[in-house]
Amino acid sequence: REYDEAIGYWERSIKLDDGFATVQRNLSLACYNKLNEPKKSLILLERAFELNTTDARVLMELDQLYKIQHHPREKRLAFLEKYIVLTNQRDDVYLERITLYNQLGIYEKAQELIAARQFHPWEGGEGKVVFQFLLCHIELAKNALSEGRIEHALTLLNTAETYPVNLGEGKLYGTQENDIYYLQGCAYEALG
């Protein structure tokens with residue numbers, strides 16, 4: 001917990017040689033978490049990634065910094081897609097891409113990406129994949145209902161009731177699915 005000393009060494013290291021990505025990254029995290037300097041943190045992390053565009057962890061951290069600093073979703077998505085090979089290396093970044101598609105209302109692409117990947121449980125990730133899975137299926141079902149494609153809506157809603165194995169987690173006992181049941185009721189009512 002010698003933060004000031006560590007920050008001093010990282011700053012000195014950068015003065016001696018500003019081409020070491022790890023030092024830029026470490027100082028960026030310290031600037032954000034300990035010095036409350038988000039702008040400096042962003043500059044340093046962008047530099048770290050510029051120095052090593054093969055580091056998927058730094059890509060993830062940079063996207064998270066963009067996220068908490070309210071960068072436009074379209075720009076974040078374009079950034080992740082520019083580095084698609086790295087984005088595909090980590091479940092958390094891959095899921096962030098899916099989340100952006102859902103937030104932008106591009107539910108079909110989110111659904112496609114979820115179905116194409118075997119997710120693995122990770123600490124802090126509990127329920128995140130399932131949430132995006134449910135979100136895209138429910139929103140697609142709402143769209144189908146409004147377009148009169150009732151059978152398709154029911155297929156989507158029935159799919160949302162059973163989590164596929166590739167999500168990496170199962171349904172918890174007592175999971176509330178009132179939104180699914182309500183939409184199924186609307187669909188059955190529309191069928192007569």
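Reader: Where does N36 lie?

Author: In this predicted model, N36 lies in the loop between α2 and α3.

Reader: What is the phi of N36?

Author: Start with the general idea. Most residues other than glycine have a negative phi. Here N36, which is not a glycine, has a positive phi of about 55 degrees.

Reader: Is N36 buried or exposed?

Author: The cut-off for exposed is over 50% relative accessible area. N36 has 65%, so N36 is exposed.

Reader: Which loop holds H70, and what is its phi?

Author: H70 is in the loop between α4 and α5. Its phi is near 60 degrees, a positive value in a residue other than glycine. With 69% relative accessibility, H70 counts as exposed.

Reader: How does helix α3 come out by the reasoning at 1.5 Å a residue?

Author: Helix α3 covers residues 38–51, which is 14 residues, and should span 20 Å. Its end C-alpha atoms are 20 Å apart, in agreement with that value.

Reader: Which residues of α3 are buried?

Author: An α-helix has 3.6 residues a turn, so residues three or four places apart point the same way. In α3 the buried residues are S41, L42, L44, L45, A48 and F49. The cover over them includes α1 (3–16), α2 (21–33), α4 (56–68), α5 (73–82) and α6 (84–87).

Reader: Which residues of α2 are buried, and what covers them?

Author: The buried residues of α2 are A21, V23, Q24, R25, N26, L27, S28, A30 and C31. Their cover includes α1, α3 and α4.

Reader: Now a single side chain. Is D63 buried or exposed?

Author: A residue counts as buried under 20% relative accessible area. D63, in helix α4, has 1% and is therefore buried. Not counting residues up to four places away in sequence, D63 touches R76, L80 and E96.

Reader: What does L156 contact, leaving aside its neighbours within four places in sequence?

Author: L156 is in helix α10, residues 150–160, and is buried at a relative accessible area of 5%. With those neighbours left aside, L156 is in contact with Q111, H137, L140 and A141. As for I180, 24 residues from L156 along the chain, the two C-alpha atoms are separated by 9.7 Å.

Reader: How many helices and strands does the chain have?

Author: The chain has eleven helices and zero strands. The radius of gyration is 21 Å, well over the 16 Å that the globule rule gives for 192 residues, so the chain is more spread out than a compact globule. Along its principal axes, the C-alpha trace spans about 75 × 30 × 25 Å.

Reader: What share of the 192 residues is buried?

Author: Buried residues make up 40% of them. The chain exposes about 11200 Å², and carbon and sulfur atoms supply 52% of that area.

Reader: Among contacts between residues at least 6 apart in sequence, what share joins residues at least 24 apart?

Author: The share is 55%.

Reader: How many positive and negative charges are there, and how far apart are their mean positions?

Author: The chain has 22 positive and 29 negative charges, and their mean positions are 5 Å apart.

Notes:
Residues are numbered from 1 along each chain as its sequence is written. This is a predicted model: local features need pLDDT of at least 70, side-chain atom pairs count only at pLDDT 80 or more; totals for chains, interfaces and linings use all residues. Side-chain values use heavy atoms; hydrogens and water are left out. Helices (H or I, at least four residues) and strands (E, at least two) are DSSP runs, numbered from the N terminus. The expected span of a helix is 1.5 Å times one less than its number of residues. Buried means under 20% relative accessible area, exposed over 50%, partly exposed in between (1.4 Å probe, protein chains only). Contact means heavy atoms within 4.5 Å. The radius of gyration is taken over C-alpha atoms; the globule rule is 2.2 Å times the number of residues to the power 0.38. Accessible areas come from the Shrake-Rupley method with a 1.4 Å probe; for residues, only the protein chains shown count as cover. Lys and Arg count as positive and Asp and Glu as negative; His and the chain ends are not counted. The place of a charge is taken as NZ of Lys, CZ of Arg, CG of Asp or CD of Glu.
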